Amino acid sequence: MTAYLVRRIGQAVAVVIGVMILTFILIHMEPGSVARSILGVRATPGRIAIFNSTYGLNEPLYAQFVTYVKQVFHGNLGISYQLQQPVTSLIGQRLPRDAVLLGISTALALIIAIPMGMYQAVRRNRLGDHVFTSVSFTLYSMPDFFFALLLIAVFAVQLKILPPTVPPADSVGALLADPRALVLPVVTLSLVTVASFSRYMRSSAIDVLTQDFIRTARAKGMPERKILFRHVLRNSLLPVITLLGLSLPGIVAGAVIAEDVFNYPGMGLLFYQAATSHDFPILLGSTLVVGVATVIGNLLADIGYAVLDPRVRYGRP
Amino acid sequence: MVAREPGIGALAAPEPEGPAGAAELAMAPPAPSPLRRVLATFLENRVAVAGVGIVVLITLFCFAGPLIYRTNQVTVHLNLENLPPGGKYPLGTDGSGYDVLGRLMVGGQSSLELGFAVSIATTVIGTLYGAIAGLAGGFADAIMMRVVDTFLAVPGLVLLLILVNMFAPNLFMIIVLLSLLSWLGVARLVRGEVLTLRTREYVQAVKVMGGSRWRIVSRHLIPNAIGVIIVNATFTVADAILTMAALSFLGLGLPPPAANWGGMLSNGLNYLFDGYWWLVYPPAIILIITVVAFNLIGDAIRDSLDVRLQRL
Amino acid sequence: MRITRRLAAMAAPLTLVAVLAACGGSPAKPGGNNAAPKGHMVHGGTVNMGWSGASPNDIFPLPPVTNSDGYNANLTNPIWPTLVYEGDGAKSAVNPQESLFTSINYSNGDKTVTIALKPWNWSDGKPITSRDFTFVYNLLKANATDWLFYVKGLFPTDVSSVSTPDSHTVVLNLTHSYNPNFYTEDVLYNIPLLPQHAWDKTSAGGAVGNYDQTTAGAKAVWNFLQKQGADMSTFTTNPLWKVTDGPWKLAAFQNNADWEYVPNKNYSGPDKPIISRMNNLVYTSDTAELDALRAGGALQVGSLPLNDVKQIPVLQSQGYSTVNQAIPGVAMIIPNFYSPTVGPILSQLYVRQALEDLINRPQLVAKVFAGYADPGNGPVPLVAGGQWVSPLEKSGGPYPYSPSKAIALLKAHGWKVVPNGTSTCQRPGSGPAGCGAGITAGEPMNLTLAYSSGSTTFDQQEAAIQSSEAQAGVKINLKSEPFNTLVSTVGICNASSHPASTCSWQLVDFGYDPDNGLYPSGEGWFNTDGSSNQGGYQSAEMDSLINATEYGSSTQTFYTYEDYAARQLPWLWLPQQSNIVVYKSTLGGITPLNPFSGSLNPEVWYYTSS
């Protein structure tokens, strides 16, 4: 097991380095001048030259990359060109906001999806199963901006029972102080992911239901309810954990459309604005954070898999 | 793809390190006529059949429709902007004076072409890549998969934004870009399948008999993995259409006078409060129905492949 | 489209006319026209104003070249107003009440400027003196190239000497004699007064001295102040920023850039704030802001995107009023005269004339902007341009909509016109009937128009233009990109420099370019090497006409430049949309607005109760 872990961690590190190199190359491939994008329409060649030399943009690419990596090892992710703030503090402000929003959404999605998936597994191919499938697929198939705007139009503008945007908050505590404001964004984000979680849950519950030990338990006379909760639920949850691991990067990367619509500046909008304005430090810094989250998420997912399935642990065919 | 990781197609997503996990192992169908059995199970699922019916109807609507119902989707007529449904315009007109019903057809052509093209390209590239990686095994496999992991670890939106800015926005470029992002999932899936299948006796037998790698791939591995591939392909169509809608909303979609459902919807939403419902609900409904149909089809195929269900 | 609200920073106080009837309690302050709400004026209250896409990040009033964020001016101007305050009631004129001078006189052939400062005080009680002016002058002199608003050749390099005969008088000797309108309204307009007695230091713990009087010292002070100004976490706590001379001081600055004011109790001007708090709330998009307005409660003042004008009745039923504000600027499509592919085509005047003839501006105004737009007849906006609008522009400009004229023009120059197809050049050559120098036989009239995404009205406008140009076979390909991306790929292209990486664009529509000030000179737009002359238009005649408008103050001289520019089409003129301000009906003092208000005169706003 340790050998497996060590190998996976080694691979994870390699992937993170690969991500940094890839991002670095990609952002420098973007056409147009970084200086012009930040300095604006009236930038003169002189000012562009000053900008470029201040930020070392005239150096050859590999030299810039090395400088950047050295910086990162000192814990310094650079200063945003556009916002003139350290990237670490920007990410520090925005990441908790996404963690709260997407964390709550994911939790809510799970709370709905797990019982739903179980129910669908038990009553597969009957009316109940089909109804839930159709509803969850319809929700999944809605473009999220459409769903968000519709919810705002109905609940915030027409009925006026919920605020249409999330008020600014400096800390997580302040954010949670007005839970009404978080309802619409959380509902938007969670209902869309309920579908995929519940499909997974349904499939894995069916998987467990076909196992021999369930038949044995039934043959022994264990009540169905107990079978469901003691055996099926517990055993089918494990794959869901791997799914959670795969959701981790999403939580860190933010949801740009929900953030835009609900006035909730988070990592998604940070990315989007940085990408359109060639703000390299933010792009590199946030990609690094998301990249790390992705490999951690994958690692957790794989470890979860390895833990539950002994066949996986012991080498390849 | 942009905001939906993991999606419905993620069922088989966790990357198995060694032999595939429990789900994958059980999914390899028995060799004799899998197709017939799959088809039979599929046809029993009435919802799925409905899905196929819907896709067929909508495709006809989009491609054959304009031959019967001709409208001008190029010239802007500002004096006809935002007319409500009635008379000459069964679904009204939009902000540039285009007939909405006709635009749904033309927009559908773009959306469906995009979906199918991305799906095919993704499937072909991903399958080949995954099969080769799975077959090669060892160090080559590790490198190839780490490359996939690297691309997957860069947030899809960032990649898209950067790439979209680099090239002129036309349908072909967007198809290429979306394909570049989607093939990764397929590659992983196929590799997982291949890893499972290559332990099967008949593959070993072919090897012993001196069959070439290519023969193994094309004659044995791909046909047996086809189920998983098709499932993923259908989900890719759905995801591509949704991603295109998201891109249009962010302002990175196709320029006028090109139409696609996502663009129509995001433009129409600007008028939501003005009561121009014909700009919002028709594209929303047709988009959602199409995406749902593809998802249902994919889900049904996956269910039909699932041998365990046969045992219950 | 991102409207740089730099110019929207100037507030307009009300002209004190008659006092309206009161109903017991304090009389309602005069509100100008018909929009004054009924009821008595209430002292106090909080106003929340929505800003879509704003992101101020620097509080030092002289922004550095590396920070072109237009919203910084919106943050700093209410705290440290500029010397010349533009926008007076309903008039586009200099505002005498809120400006910091009592008089500006030009003498000695307009080469000497004598500025008399008002006897006002800083918030810490110290008087505002001419030393504060020389402090600014010294800082700018030593760091001109690092100042965002520096225009080569103008302030402070055009000042040969400064003297301060007494503590409230400044005398500038200029190197040239300038047109006083131009100099006051376009040049001195950008300059705030800064407290020398509190800011003339080179480190936080250091003492205040006269460092600005040496070049090295001025650079040190500048660097220190710039560094302090960029530190968002200390905007409200840094003692430097507590010394102010404007009606407001900063009470809070949130993480998401919301900026909140409370009144400066020691403001010396007559327009002291009546409300007790002014919160500027930032929204990620127009949609989010509109949703907040529609849902009611969160915002008292906001702006309405033009594609939502149908919302006006609904908003009115919810207790809001709306007012239309002309934006001082010009909307245009800029042709790139140095495009490697279509430069020769765009350089031909007849081509630009044909392109302009094909744009149906009145229809765009009526349909796309719902009537809320300046018709775009030339380089001077009709409403904001005030007295500077020439008769030619007033009558509709030299190029009314005429597709037949456009087709005739193209045909006369040897083009085969294919309506709804692509016209091609049949008679290359530079003769009077030929296509023009550098245009090859069979060359198609195929142009790419890049514009900034994110605005429904713009998408509609460009689609309409594309369709309209097609009538003469002019094929326009649209390319929409986010504003920042557009800025990065569209560089300044002129004779001296047109690198391929930033000059491959053909036509670009950034939205609009704001006027330089009350005096709408073409400086920077159409003169050779002008800082906003993206496409590289160059003409000796134009240069001399623009020059003439900067020296001497004849209206006729200005009209000559204006008509020449209107005819020459260095840019293709487009309608310039107005801003619709939405505000709670109980809030008085918001109207009358003028184009230079930017609805940023919260010091004269007040709640009423009935």
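This is a predicted model: local features need pLDDT of at least 70, side-chain atom pairs count only at pLDDT 80 or more; totals for chains, interfaces and linings use all residues.
Two strands count as paired if DSSP finds at least two bridges between them. C:V42 has C:Y607 in β26(C) as its bridge partner.

The pair belongs to an open sheet of three strands, in the order β1-β26-β25 (chain C), with antiparallel pairing. At the edges stand β1 (40-42) and β25 (587-588) of chain C, each of which pairs on one side only.

Residues are numbered from 1 along each chain as its sequence is written, and chains are lettered from A and ligands numbered from 1 in the order in which they are written. Local features need pLDDT of at least 70 and side-chain atom pairs count only at pLDDT 80 or more, whereas totals for chains, interfaces and linings use all residues.

## Sheet β5-β6-β8-β7 of chain C

Four strands of chain C form an open sheet in the order β5-β6-β8-β7, and the pairing is antiparallel. β5 (101-107) and β7 (159-166) of chain C each have a single partner strand, so each edge strand has one side without a neighbour in the sheet. From one strand to the next the twist averages 15 degrees.

Five bridges link β7(C) with strand β8 (residues 169-174) of chain C in the antiparallel sense. Here C:S163 is placed opposite C:V171 in β8(C). Helix α2 (residues 130-143) of chain C packs on the sheet and touches β6 (112-117), β7 and β8 of chain C; a contact requires C-beta atoms, placed from the backbone, within 7 Å. The direction of α2 makes about 160 degrees with that of β7(C); axes are lines fitted to C-alpha atoms, for helices over the stretch in contact, and angles run from 0 to 180 degrees between N-to-C directions.

## Hairpin of β9 and β10 in chain C

Strand β9 (residues 248-253) and strand β10 (residues 259-263) of chain C are antiparallel and share five bridges. C:A252 faces C:E260 in β10(C) as its opposite residue. The hairpin has five residues between the strands, and C:A257 there takes a positive phi near 80 degrees.

## Chain A

Chain A contains 15 helices and zero strands. Its C-alpha trace spans about 85 × 60 × 35 Å along the principal axes. Of the 317 residues in chain A, 49% are buried, that is, they have 20 or more other C-beta atoms within 10 Å of their own, with C-beta atoms placed from the backbone. Among contacts in chain A with a separation of 6 or more, 71% come from residues 24 or more positions apart.

Helix α5 (residues 87-122) and helix α9 (residues 179-209) of chain A pack with their axes 5 Å apart, at an angle of about 35 degrees. The crossing of α5(A) and α9(A) is right-handed, the near helix being turned clockwise from the far one by less than a right angle. Their contact has 22 nonpolar, seven polar and one charged residues; Ala, Val, Leu, Ile, Met, Phe, Trp, Tyr, Cys and Pro count as nonpolar, Asp, Glu, Lys and Arg as charged, and the others, Gly among them, as polar.

## Contact of chain C with chain A

Chain C gives 37 residues to the contact and chain A gives 38 residues. On the chain C side, the elements that give two or more residues are α6 (286-295) and α14 (483-489). α6(C) gives the most to this side, with six residues. By class, the side of chain C that touches chain A has 11 nonpolar, 22 polar and four charged residues.

Notes:
Two residues are in contact if their C-beta atoms, placed from the backbone, lie within 7 Å. A residue is buried if 20 or more other C-beta atoms lie within 10 Å of its own, exposed if 12 or fewer, and partly exposed in between; C-beta atoms are placed from the backbone.
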